[in-house]
Amino acid sequence: MREETAIVYGVNPAFEAIIAGRRKVLTAYLNRSTAISPRLRKLTAVLKNYGIPHELVEKGKLMELANTRDHQGVVLVTEPYPYIPYAELIGKPRLVLLDNIEDPHNVGAIIRSAEVLGFDAVLLPKRGVPGALPSVAKVSAGALDHLAIAKNCSTNQYVKIAKDEGYHIAALHSKGETTVEELQRRLPDKLLLVVGGENKGVRQFILNEADDVVSIPRRGRVSSLNASVAAGIALAAFAGD
């Protein structure tokens, strides 16, 4: 696939990419043997309505394009994903920054939760965190194409700029002295929530700069939560009105 194009696979991501209209869909490929299924028939109608060319192909072609069996019978070829410059997101009240999260599935799941819970944008560092990969779009269930995503700064730069712009920085960490419930009771007008990976966690510079290092109270015996699950709990608590 050429660098000036991108891939979206999966039924829900395909629907959302088309409906969101943020990136042009160039071509759609559908599984010939399952094209009569209700979901793919509905998708075909949407493709026709939006004037998007589509082609029925064998599943081997879909696997070749998507590089996975998890394509659900549809692959879109689109223009590259349109990231939003961080400068255009400053001022929005609810931002979430991902730090040291290397698993595309966790990235996609957090993007999905952020969109559903009303956060304004997700900030991805230029290095160290997957961007708008097809697998991220798939796990996000299409939320990737509805949410503003920035990927033009380092983690430290995101935080420094946010602090200068008056954001309250909350870093999610298992040993944080402030609980999610405590910060929820005094939610700031502008919040940048930083979520770290399961192995490395939020980097020390961010912990030092944070206004609050926030933890989720543990009442069971297991020592930690999956990164995307922990993020979902914090996102729900800090979503605001």
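**Notes on the predicted model**

1. The chain contains nine helices and 11 strands; helices (H or I, at least four residues) and strands (E, at least two) are DSSP runs, numbered from the N terminus. The model is predicted: local features need pLDDT of at least 70, side-chain atom pairs count only at pLDDT 80 or more, and totals for chains, interfaces and linings use all residues. Residues are numbered from 1 along each chain as its sequence is written, and side-chain values use heavy atoms, without hydrogens and water.

2. Along the principal axes, the C-alpha atoms fill a box of roughly 55 × 40 × 30 Å.

3. Of the 241 residues, 49% are buried (under 20% relative accessible area, 1.4 Å probe, protein chains only). Among contacts (heavy atoms within 4.5 Å) between residues at least 6 apart in sequence, 83% join residues at least 24 apart.

4. Strand S2 (residues 25-31) is mostly covered, with five of its seven residues buried. S2 runs antiparallel to strand S4 (residues 74-78), joined by five bridges; pairing requires at least two bridges found by DSSP. In this pair Val25 stands opposite Thr78.

5. Strand S3 (residues 54-57) also pairs with S2, in the parallel sense and over four bridges. Here Leu30 stands opposite Leu56.

Notes: Buried means under 20% relative accessible area, exposed over 50%, partly exposed in between (1.4 Å probe, protein chains only).
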